[in-house]
Amino acid sequence: MFVSGVEADCSSGDSDNLMEVGSQKRLRSESYGASFSKACREKLRRNRLNERFLELVSVLDPGRLPKTDKNAILTDAVRALTQLQSESKKLKETIESSQANIKVLKAEKSELRDEKHRLRVEKEKLEQQVIAMSAQNDISQDHILRPPTA
């Protein structure tokens, strides 16, 4: 980069120096130094921005050659985000539907559990009645086979 005919190399690790220069009060007599550091800060800002665009391209289309057209990169990013929002909405609807189905199934399970308990109690009553009837039948058969003695 050239600033007032003097080459300025901002690509080296001068970011610490730039931060110091940027944090100091500027004096009018340092207009060259101020414009130089401003130019270096701007170049570093653009470099960081370009790195972020390359990172965005690698996330959007891994394995493809990186695009350099920032408009195309942003268009792809918007398209991807819109698609992700749509998928997210569908997944949320699926989750809500599944949760509603779970509630219905839990209610049915509870009803079946109650019915199973009721049937078990009824079965036990019937078994007791069968045992009682069987005992009465045995007693009556004993009376038929053996006449009562007086």
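This is a predicted model: local features need pLDDT of at least 70, side-chain atom pairs count only at pLDDT 80 or more; totals for chains, interfaces and linings use all residues.
**Close-up 1. A network of salt bridges links Glu42, Arg45 and Arg46.** Two pairings are described for Glu42, one with Arg45 and one with Arg46, and each is taken up in a legend of its own.

**Close-up 2. Glutamate 42 forms a salt bridge with arginine 45.** The closest N and O atoms of this pair are 2.7 Å apart, which falls within the 4 Å that defines a salt bridge. Both residues belong to helix α2 (residues 31-60), where a spacing of 3 residues separates them by about one helical turn. Glutamate 42 is partly exposed, its relative accessible area being 30%, and arginine 45 likewise counts as partly exposed, at 40% relative accessibility.

**Close-up 3. Glutamate 42 also forms a salt bridge with arginine 46.** Here the closest N and O atoms lie 3.8 Å apart, and the pair still counts as a salt bridge because the cut-off is 4 Å. Glutamate 42 and arginine 46 are 4 residues apart in helix α2, again a separation of about one helical turn. Arginine 46 has a relative accessible area of 38% and is therefore partly exposed.

**Close-up 4. The side chains of arginine 79 and aspartate 76 meet in a salt bridge.** The N to O distance is 3.0 Å, and the two residues, 3 residues apart, both lie in helix α3 (residues 70-145), with about one turn of the helix between them. Aspartate 76 is buried, with a relative accessible area of 14%, a value under the 20% that marks a buried residue.

Methods
Residues are numbered from 1 along each chain as its sequence is written. Side-chain values use heavy atoms; hydrogens and water are left out. Buried means under 20% relative accessible area, exposed over 50%, partly exposed in between (1.4 Å probe, protein chains only).
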